[in-house]
Amino acid sequence: MNIKSGSPPTRSKEGVDSKNTLIMKRLLMYQFAISCFIYGSAQVSLTSNKQLEKEIIQSGIVHSPLPPDFSRSAEAKGLQKKILYSEPVSTSDKDWKATGYGKLSKAGGKSLLLSYPASTGKRATGSPSDPDYAVYGNAGMTLEINGANWEKFNRIAFVINPMCDGARVVNINFNIENGDTPKKEGYNRQSGSHLINLNNKETNTCYLDLGEYQRDKIKRISFNVSIKGKDRTNGDTFNYFFDKIELQQIEDPEIISGWQPGNNRIVYSTTGYMLNDNKTAIVNVANHNSRFQLLDAQNNEILYNGQIKKDKTTIGEFDVADFSAFNQSGTFRLKAGDVTTEPFVIGANIWDNSLWRVLNYIFCQRCGYPVPGKHGTCHIDLCSKHDGKMISFAGGWHDAGDLSQQVLQTGDVTFALLEGYNKLKNKNELLARRMLEEAEWGLEFMLRNRYGDGFRASSVGLLIWQDGIFGTLDDITSVRVHNSAFDNFLFSAYEAFAAMSLKGHDPMLHEYLMRVAKEDFEFALKRHAEVGYGEFIHFYEHSYNTSESQYMATISWAASMLYKLTGDKYYAGKAVEYINYTLDCQRKEPLNDKDKTKGFFYRDKSKKVIVHYNHQSREQVYMQAMTLLCETQPQHADYSKWTESVRLYGDYLKGLMQYTAPYGMIASGVYHIDEAKDEVSFRHSHLFVDGSEKERYAEQLKKAVKLDEEHYLKRFPVSFGIFNGNTAVHLSTGKAAAICGNFLNDEQLLQIGREQLYWTVGKNPFGQSLIYGEGHNYPQMDTFSSGEMTGEMPVGIRALDDEDIPYWPQTNNATYKEVWVTSAGKWITLISEY
Ligand SMILES: [Zn+2]
């Protein structure tokens, strides 16, 4: 929901709520669903996509998973590539050696069978800092290659047939390791690990493209899996049959890094483009004669003939097809030279299908709930303890590819779903209601983990399935609990927003939410009075990098949300009071660069370190706070200060766009050369560092754009550890741009927000959609607990090592390709601005 637009969401249109009307509403909802089923598109249409409509109905309106469509995936496309020559790799049980709990045997023909037990009988134990982030052990098999040169091959392929009784989610890692040879130009990696998602009891043809791996002296290859306990239906043994392991040289491999699309590629938004919007694609096609055509997808009739223009930008020279002038709804393809794209849509409302899919992904991540085809009721015997009490932590959504949980992340996603509901309830009621239902699932988890005295169960790192029986070996009671001012401020904002959103839908829950939102705000203020800013004590929680300016903006936003909910002037006063700190952290004097850049926020009033995010991002909260102040207190004496802040920040975002053009991904932003000298903020922003990060910080800035003697412009966030990938980062900044755009009525800022959506679904150098099942050419992702899911979204594209160029290999590993509910929440929250 656009938070500046008017009154709290209510259901007044449908009259006074009561128990009876609630029952009526539920009945109407299902009648509506059934009518879709009976009448199909003749009367009521769920979506313009008939296949998706059928799948939504067959899933019981996303109460079981939508089927993943492999046929449009990047891997399916990869399997079509021409194999120029190949060479077999041994599948003999004499050559391969079992590792860990694995056992190897010959299984008829040339098949090799790897088996391992589902249970080891021992408790899983992890590191002292994260004791329950643990597995029971590993099982695998290894083949020594003894230094063979594999440079004449660019792919390894294998046929895997898992026969794992009862296993609904099956996968295996493939690992490759080169010997210790000098680093050669053109290769990124000496070794790597690649997760392969498999269909159980089916023949799976799989591959890994090796282009980025140095392979002049291959040491060994291996397959391995972690033993993670048993979900409800699992049998006692996992079996994998391997056949036809083969080195291949394929034609036309995909690019792995850089800004230029691969040869003979047109990269474009594979979902499509919004009507009346800028519509561009980047072309790397031989012999296009400077022309491109827009074709009717049905009959290939040429509807628009345009000129391909050269665009020289800060990241290179590109051929760009601009068809903004074409403004008709429909389904089209682009053609340049001999290359024609898959069909895409131009329309007023092109994102609803993606919302169904992303909603499906969030549903599939439910914890403590039997997700059909995925898992049974999970993690009941996972608990927090506080003050002699215990709460089961089963609920909400598994955070990512693993089974970890962070309640604050659940809160972010719940807020996004409620925004989606408010935005869509009068436009696409069935989708809106289903989003509301999912939001209620998240909301329940937020509320259930309150201990009622300011303390909450907050997070756990987790990899295993548990047996659901209390008193057994796999019980966990170490879920983190804390009384954090920041958490309670943010939750109070979410609770207040939920109270407004649910007012007509569940009046008693509305009252309860109003009560706890006020309580949590007071718990937070009390803790804040005791300890002030800080207390980001849990390294693994994605609030660890919160700056003081973001913290104060969050207090103000929460207070404004409570003011909007209650009308109590007390909250209006708090909202004004706490934003002053944030206002003092904004850069108002221009840098010495050509554009006189300003408008970004520093972490604190010392103005030494600029706010950045490299994984989770809450960048949007600055503008949420400013615009909600303006909306709720338009007569206040400080009103012009708040609007000026929005204008300054909006101008800053506009200035960033030149650094990634002709793409629309918004750059990470301005960095100061001395930021690494600030030990505390640096440590909180960069996890798992190895001591080399200060030099690498300087190196990474050197590879970016120098603005003046002290400042650099980075396109991708500075990062060192594994927590990188920028989907949440650039979508949050896109959300901030859209908030500013809606507030200032500024089309250029709204356009910046939309470009983040286009980048995500394919207008990126790799031409890949980062939403599984949405558009075309989406890759398999790192989803080792729950299998491939329609709508899954990864942590995102990252920079290559210390470079400032995009890097997106086929290699499927964490965290960049790991699925993450945070990315899904960011997708929904940004679309809700339009
Ligand atoms: Zn669970």
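Helices and strands are here DSSP runs numbered from the N terminus, a helix having at least four residues and a strand at least two. The views below show a predicted model.

**View 1. Surroundings of W351.** W351 is located in the loop between β20 (344–347) and α4 (352–364). With a relative accessible area of 4%, W351 counts as buried because this value is under 20%. Beyond its neighbours within four places in sequence, W351 is in contact with S269, T271, M274, L757, Y758, V761, W827 and I831. From W351 to S543 the C-alpha to C-alpha distance is 29 Å, and the two are 192 residues apart in sequence.

**View 2. Nonpolar cores and W827.** The largest nonpolar core holds 209 residues, of which Y240 and W827 touch the most other members. Helix α7 (residues 485–501) gives the most to this core, namely 12 residues. Neighbours within four places in sequence aside, W827 is in contact with W351, S354, L355, V358, L731, L757, T760, V761, I771 and M793. Another core, of 16 residues, lies apart from the largest one and includes W259, F318, F716 and W759.

**View 3. The zinc site.** C367 (SG), C378 (SG), H379 (ND1) and H398 (NE2) coordinate the zinc ion at 2.0 to 2.3 Å. The site is tetrahedral, the angles among its 4 donor atoms being 101 to 115 degrees. For four tetrahedral donors the ideal angle is 109.5 degrees. The spacing of the donor residues in sequence is C-x10-C-H-x18-H. Two of these donor residues are adjacent in that pattern: C378 is buried, with a relative accessible area of 4%, and H379 is buried, with 2%.

Notes
Residues are numbered from 1 along each chain as its sequence is written. This is a predicted model: local features need pLDDT of at least 70, side-chain atom pairs count only at pLDDT 80 or more; totals for chains, interfaces and linings use all residues. Side-chain values use heavy atoms; hydrogens and water are left out. A nonpolar core is a set of buried Ala, Val, Leu, Ile, Met, Phe, Trp, Tyr and Cys residues joined through side-chain atoms within 4.5 Å. Buried means under 20% relative accessible area, exposed over 50%, partly exposed in between (1.4 Å probe, protein chains only). Contact means heavy atoms within 4.5 Å. Donors are N, O and S atoms within 2.8 Å of the metal (3.2 Å for Na, K and Ca); water is not among the atoms, so sites may look incomplete. Four donors count as tetrahedral if all angles lie between 85 and 135 degrees; four count as square planar and six as octahedral if opposite donors are over 155 degrees apart and all others between 65 and 115; anything else is irregular.
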